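The sequence and the model are shown first.

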Amino acid sequence: MAPRAYWKGTLKLSLVSCPVVLYPATTAAEKTRFHMINRETGNRLKQQMIDAETGDVVESDQKGRGYELRKGKYVEIEPEELEAVQIESNHTIDIESFVPSDEIDQRYLNHPYYIAPDGKAAVDAFAVIRDAMKDQDRVALAKIVLTNREHIIAIEPLGKGLLGTTLRFPYELRDEDQFFDDIKSPKITKDMLELAGHILQTKTSHFDPSKFKDDYETALKALVKRKASGKTIELPEPEEKPSNVVSLMDALKQSLKGRGGKKTAAKSHARRASGRTGAAKKTHRSTARQRKAG
């Protein structure tokens, strides 16, 4: 069964337009979820809204929306007042500009969507827009209204279709300076950087999401299956945390040793180190001979 479209509308590039559909590119359907239940009856629990001051249950016709002006003081906003500022969707993705993909800060990326042509008549125009972006290696920026809110969406070719990713607004991002300003800049030796570089080389790979394994999700499914079959769940023994303090240089060296079979980098570093030691010893012996001769 084909997935249901999340949004339908028109993709426009100047005077070129075509009907398109949006599908969410992600899903949480396979995630293990739990419900709150009554331990005594085994029945599912239902949430209720409670007045924070009186403790009374609030019925649906008594619920409203309020913005907190100051602690405990709210201004109530009526539904019709909210409608006055809601943006009515014209169901159009109007491309406003094209930017190089590497200029988009990844922190702005939000929700991904697949964009496909809506019907056979839309395929030609869709292909023109898609292939033009491929040729220019650019990402389109456009506006779209989803769930009564306006979003900026970045659009780029993906296989036979397009990938649209909504972007966060600047006010939704925290300033990194408040987290990074207190980080000191210690003096790192050349040897430490070389060892760290060798470790990086031994772990060099390519991005392959098929190798990602959600071990926690697998364990959850196994736990539920075991419990449902009436078996007991044995709790693992808590792991003891190592108390020994290892220096950064020792940790780097141990990391290289632990990469079994990939000792070339370590040997290379060792040869350089022994070379420096040997040269130092020769200099020392030469100096000693000169002193003796004198």
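A polar contact is taken here as a pair of N or O atoms within 3.5 Å; within protein, one of them must be able to donate a hydrogen and the other to accept it, and residues adjacent in sequence count only if both atoms are side-chain atoms. One case concerns Thr-202, where a polar atom of the side chain lies 2.7 Å from the backbone oxygen of Ile-199. Thr-202 belongs to helix α4, residues 190-202, and counts as buried at 10% relative accessibility.

The model is a predicted one, in which local features need pLDDT of at least 70 and side-chain atom pairs count only at pLDDT 80 or more, while totals for chains, interfaces and linings use all residues. Residues are numbered from 1 along each chain as its sequence is written, and side-chain values use heavy atoms, with hydrogens and water left out.

**Overall features**

The protein has seven helices and nine strands, where helices (H or I, at least four residues) and strands (E, at least two) are DSSP runs numbered from the N terminus. Of its 294 residues, 17% are buried; buried means under 20% relative accessible area, exposed means over 50%, and partly exposed lies in between (1.4 Å probe, protein chains only). The accessible surface comes to about 24,500 Å², and carbon and sulfur atoms account for 52% of that surface; such areas come from the Shrake-Rupley method with a 1.4 Å probe, and for residues only the protein chains shown count as cover. Among contacts (heavy atoms within 4.5 Å) between residues at least 6 apart in sequence, 64% join residues at least 24 apart.

**Salt bridges**

Six salt bridges are found in a search of the whole structure, each being a side-chain nitrogen of Lys or Arg within 4 Å of a carboxyl oxygen of Asp or Glu.

| Pair | N to O distance |
|---|---|
| Arg-107 and Glu-176 | 3.2 Å |
| Arg-130 and Asp-131 | 2.9 Å |
| Glu-217 and Lys-221 | 2.5 Å |

The pair of Arg-107 and Glu-176 links distant parts of the chain, 69 residues apart: Arg-107 is in the loop between β5 (92-100) and β6 (109-117), and Glu-176 is in the loop between β9 (161-167) and α3 (177-180). Together with Asp-105, these two residues are linked in a network of salt bridges. Arg-107 is partly exposed at 39% relative accessible area, and Glu-176 is partly exposed at 32%.

In the second pair, Arg-130 is buried at 14%, whereas Asp-131 is partly exposed at 30%. Glu-217 and Lys-221 both lie in helix α5, four residues apart, about one turn of the helix; Glu-217 is buried at 11%, while Lys-221 is partly exposed at 41%. Leaving aside residues up to four places away in sequence, Glu-217 touches Glu-30, Lys-31 and Thr-32.

**Surface patch and backbone**

Phe-34, Leu-223, Val-224, Ile-233 and Leu-235 make a nonpolar surface patch of about 490 Å². Patches are made of residues with over 30% relative accessible area and no salt bridge, like charges being joined within 9 Å and nonpolar side chains (Val, Leu, Ile, Met, Phe, Trp, Tyr) within 5 Å. Ile-233 lies in the loop between α5 (215-228) and α6 (248-257) and is partly exposed at 34%.

Asp-137, a residue other than glycine, has a positive phi near 55° and sits in the loop between α2 (123-136) and β7 (138-146), where Asp-137 is exposed at 58%. Thr-147, also a residue other than glycine, has a positive phi near 50°; Thr-147 is in the loop between β7 and β8 (149-158) and is exposed at 61%.
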